[in-house]
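This briefing covers one protein chain, shown below. The points are grouped by topic.

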Amino acid sequence: MQISFSSELAHSMAVMLLELHAELEEFAYQHDQAADAADQLTSNLLGSASQA
């Protein structure tokens with residue numbers, strides 16, 4: 001009984017860690033996309049300002 005509980009607990013924790021890792025990867029991807037968009041917007045604004 002104890003081995004079964006420990007095994008189930010370890011499995012559940014592994015699944016939770018995999019899900020957390022996937023969430024963190026998605027957050028990092030979205031953060032990078034937002035940073036790239038902000039960089040592009042900044043470049044466009046600075047380019048427009050220098051042309052004016």
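A residue counts as buried under 20% relative accessible area, as exposed over 50%, and as partly exposed in between. N44 has a relative accessibility of 41%, so this residue is partly exposed. The model is predicted, and it holds one helix and zero strands.

**Overall form**

- Helix α1 covers residues 2-51, in a protein of 52 residues.
- The C-alpha trace spans about 75 × 5 × 5 Å along its principal axes.
- The radius of gyration is 22 Å, whereas a compact globule of 52 residues would have a value near 10 Å.

**Distances along the chain**

- I3 and E23 are separated by 20 residues in sequence, and their C-alpha atoms lie 30 Å apart in space.
- N44 and Q30 are separated by 14 residues in sequence, with 21 Å from C-alpha to C-alpha.

**Burial and surface**

- Of the 52 residues of the protein, 0% count as buried, which means that 0% fall under the cut-off of 20% relative accessible area.
- The protein exposes about 4900 Å², and carbon and sulfur atoms supply 65% of that area.

**Nonpolar patch**

- F5, L9, M13 and M16 form a nonpolar patch on the surface.
- Together these four residues, F5, L9, M13 and M16, have about 430 Å² of accessible area.
- M16, one of the patch residues, has its place in helix α1.
- M16 counts as exposed because its relative accessible area of 54% is over 50%.

**Other residues in helix α1**

- I3 is placed in helix α1, and it is exposed because its relative accessibility of 72% is over the 50% cut-off.
- N44 also lies in helix α1, and its 41% relative accessibility is the value behind the label partly exposed.

How values were computed: Residues are numbered from 1 along each chain as its sequence is written. This is a predicted model: local features need pLDDT of at least 70, side-chain atom pairs count only at pLDDT 80 or more; totals for chains, interfaces and linings use all residues. Side-chain values use heavy atoms; hydrogens and water are left out. Patches are made of residues with over 30% relative accessible area and no salt bridge: like charges are joined within 9 Å, nonpolar side chains (Val, Leu, Ile, Met, Phe, Trp, Tyr) within 5 Å. Accessible areas come from the Shrake-Rupley method with a 1.4 Å probe; for residues, only the protein chains shown count as cover. A salt bridge is a side-chain nitrogen of Lys or Arg within 4 Å of a carboxyl oxygen of Asp or Glu. Helices (H or I, at least four residues) and strands (E, at least two) are DSSP runs, numbered from the N terminus. Buried means under 20% relative accessible area, exposed over 50%, partly exposed in between (1.4 Å probe, protein chains only). The radius of gyration is taken over C-alpha atoms; the globule rule is 2.2 Å times the number of residues to the power 0.38.
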